[in-house]
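The points below are meant for a colleague who is opening this structure now. Please keep the sequence and the model side by side while reading.

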Amino acid sequence: MSLRHPPYDGPALHRFAQEAVGAGVEWLAGEGAGRAWSHRRFKPSGEEVTAADIEVERRVTRILTERTPEIPVVGEESAGAGPVPGTGWLLDPIDGTMNFSRGAPGYAVSLACVVDGEPVVGVVDAPALGRRWSTGAEGAVAAGAPGLPGSRTLSGAVVGLTGTGSGRSRPARLIGLLYDRAHRIRLQGAMSLDLVGVAEGWLDACVCLGPSPWDVAAGVALVRERGGAVLGAGGAAFTLRSPVLAAGPEPVARELIALWESLDS
């Protein structure tokens, strides 16, 4: 499927993404922030989910289906076990549900459009912070961007880390290595916002362990548009099938991948 022509050129996709995310955020800022909607339960995987996750996904999906009926929408709460399509919308209705359900502000609605496996449009909105970040209106990752301003050495870097879970020895050992080798580490609980942090310069780099495509696709587009590297397994360019992601200036991202892969599984 090609999305490079009207009505699905870059500006149109960007406009539809903004509209759809806006619908979810508007609802969250009102009724969706209520106690009944934020009551948590657990999926079979052990991850938390709330009624608000499901309702935001429904509202965003409805807009996208109306505006782009030929483009599939894959949301975290409705995705099955099958492969993610190479071209489509990828939606995390509330990235950082654990933060949301506890009243913490570190959560976001994250939406990306991917074409042939590459994120070309990304929108991340943090409703509790009143902030939204998006790729340019042309809807394509910029070529020749100047690069991120952050530290180009791990020893000088503030590194975000997500996907550590609990009770697992390999992530715990990575945390220990980063305490020794990085300037500081931050565990904030939302992959999309860690990637935004890299794009904005709040973080010099980040590592996402076990990223699902909808967790990171929008943030990947943002970081790449700002000239940052996003690497996956083996230090290759990140793909949506990779079990690990590191983003930041390329030397730091490469060192972070090497650290993770140096640990026994």
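1. In helix H1, Phe 16, Glu 19, Ala 20, Ala 23, Gly 24, Trp 27 and Leu 28 meet Ala 52, Glu 55, Val 56, Arg 59, Val 60, Ile 63, Leu 64 and Arg 67 of helix H3, where contact means heavy atoms within 4.5 Å. The residues of this contact divide into 10 nonpolar, one polar and four charged (Ala, Val, Leu, Ile, Met, Phe, Trp, Tyr, Cys and Pro count as nonpolar, Asp, Glu, Lys and Arg as charged, and the others, Gly among them, as polar).

2. This is a predicted model, in which local features need pLDDT of at least 70 and side-chain atom pairs count only at pLDDT 80 or more, whereas totals for chains, interfaces and linings use all residues. Residues are numbered from 1 along each chain as its sequence is written, and side-chain values use heavy atoms, with hydrogens and water left out.

3. Axes are lines fitted to C-alpha atoms, for helices over the stretch in contact, and angles run from 0 to 180 degrees between N-to-C directions. Helices (H or I, at least four residues) and strands (E, at least two) are DSSP runs, numbered from the N terminus.

4. Five strands form an open sheet of mixed pairing, in the order E9-E8-E10-E12-E11, where two strands pair if DSSP finds at least two bridges between them. Strands E9 (184-186) and E11 (229-231) stand at the edges with a single partner strand each, so one side of each is left without a neighbour in the sheet.

5. Within this sheet, E8 (residues 158-162) and E10 (residues 205-209) pair in the parallel sense over four bridges, and Val 159 stands opposite Ala 205 in E10. Helix H5 (residues 169-181) lies across E8, E9 and E10, running at about 175° to E8.
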